[in-house]
Amino acid sequence: MNRYPEIINLEIMSRCNLKCIHCKLQHQTTEANNKWMSLEDFIKYADRIREFIIHANEFMFSSVEPLLHPELFSMMDYVSSINSQMEFPIQTNGMFLNEEIVRELRKRNVPWISVALDGINEKQLAFLKKGTSFSTVINNLKVLRALMPKSCIIRTVFVSNTENINTLPNYIYFCKELGIDAIDVNGLFCYDEKLQKYALYSNEGNDQVEMIFENAKKIGDKLGIQVQLPLLTPEFVGCEWNKILCIDGDGNVNPCVMLAQKIPFYFLGGYTHGQIVRFGNIFKMDIKEIWNSGKCIEFHKCLQSKEAQDICKYCAEGYGVVCSNR
């Protein structure tokens, strides 16, 4: 296990401007703290983990839309005062990427920005994302590419499902016109039983979608866009959360955001109502004591292994379906 985490993920709020049907916020069965962390409180959190900030490479803000928080840039600046080399990747739904926000991002050490864009028209985008505007996101992406330096990688996330998969090849051409550098194609994370019918992966695989993926990869290679694809026959490949220090809005250290609240998972015919796992609280214990505790070390070892422990076996994150280890 790493002496220090490579990435720090801190929950500065549990709100979002959208109500997406495939988002954990809409399905967690425990009440979120619903806090809006003040800059004053953020500084207290940062000071408690100062040594880890000094040694980390990236600092990420959750959940779920970081650009919604009015103190985000002041928070970035405080972290940078501790570690001037710290990078701040941004994952966003794209609704707030106006010129003012983008100019502020440009001033800071932002290596990449990932924008959720699940289709090439309003209908496809609105299928999963409730409250979004396709035209606003597209206009903001144009502003983003125009104002951010070429060194900042602009990514999109395409959550593949039965309603949009046939347009994936055209989607890559569409992204090329927007100046997108990379496309992360995800499988559908099913927090709701009803969502399972839209998922493309299965124990048997999906030959038709596999052909679409192969074509998409060829198009990406031709256009110079990196296209990252999910597995259609999932297998446990481990999880990258073992590199991340995950802290919720109450100061609890969790293995990941999925185990910070009770969230139901439906995956390959299996189901779990979810569990909360905590290694300790940064205001009650020293952060090094928490990170180096037997419970934390053993959990991280399991995340690196090729066998899913019971608490993770219905989470698509470790099976090459969503972001990790693909």
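Predicted model: local features only at pLDDT ≥ 70, side-chain atom pairs only at ≥ 80, totals over all residues.
On a 1 Å grid over the protein atoms alone, a cavity is a set of points where a 1.4 Å probe fits but cannot get out, whereas a pocket is an open set with protein on both sides within 12 Å along at least five of seven lines; a lining residue has an atom within 4 Å of a point. Residues are numbered from 1 along each chain as its sequence is written, and side-chain values use heavy atoms, with hydrogens and water left out.

Three cavities of 30 Å³ or more were found by this rule. For volumes, grid points are joined across faces, edges and corners, and the value is the space filled by probe spheres set on the points. The largest cavity holds about 130 Å³ of space. Its lining comprises 15 residues, and those nearest the centre are C239, C256, L303, C312 and C315. By class, this lining contains 13 nonpolar, one polar and one charged residues, where Ala, Val, Leu, Ile, Met, Phe, Trp, Tyr, Cys and Pro count as nonpolar, Asp, Glu, Lys and Arg as charged, and the others, Gly among them, as polar.

L303, one of the residues nearest the centre of the largest cavity, belongs to helix α10 (residues 294–304), in which C296, F299, H300 and L303 are buried. These four cover an arc of only 95° around the axis, which puts them on the same side of α10. Here, buried means under 20% relative accessible area, exposed over 50%, and partly exposed in between (1.4 Å probe, protein chains only); the arc is that of the directions from the helix axis to the C-beta atoms. Helices (H or I, at least four residues) and strands (E, at least two) are DSSP runs, numbered from the N terminus. The cover over the buried residues of α10 includes α9 (287–291), contact being defined by heavy atoms within 4.5 Å.

The largest pocket contains about 1,600 Å³ of space. It is lined by 49 residues, with Q91, V157, N186, V322 and C323 nearest its centre. Two or more lining residues come from each of β1 (7–15), β2 (58–64), β3 (90–92), β4 (112–116), β5 (153–159) and β6 (182–186). The greatest contribution is that of β2, with six residues. The lining of this pocket has 24 nonpolar, 13 polar and 12 charged residues.

Several of these strands also take part in sheet pairing, for which DSSP must find at least two bridges between two strands. Five strands form an open sheet in the order β2-β1-β8-β9-β12, with mixed pairing. Its edge strands, β2 and β12 (280–281), each pair on one side only. Strand β1 is largely enclosed by the rest of the structure, because eight of its nine residues are buried. With β2, β1 pairs in the parallel sense over six bridges, and I7 stands opposite E58. The pairing of β1 with β8 (residues 244–247) is likewise parallel, over four bridges; in β8, I244 is the bridge partner of I7, and L245 stands opposite I8.

Parallel pairing also joins β3 and β4, over three bridges, and V115 in β4 is the bridge partner of T92. Four of the five residues of β4 are buried, so this strand is largely enclosed by the rest of the structure.

Helix α3 (residues 72–82) has L72, F73, M75, M76, Y78, V79 and I82 as its buried residues. Their cover includes β1, α1 (39–48), α2 (50–55), β2, β3 and α4 (99–106). In α4, the residues I101, V102 and L105 are buried. Seen down the axis of α4, they fall within an arc of 95° and so line one face of the helix. The elements covering them include α3, β3, β4 and α6 (134–147).

A local backbone feature was identified at L268, which has a positive phi of about 50° although it is not a glycine. L268 is located in the loop between β10 (265–267) and β11 (270–272). Its relative accessibility of 30% means that L268 counts as partly exposed.
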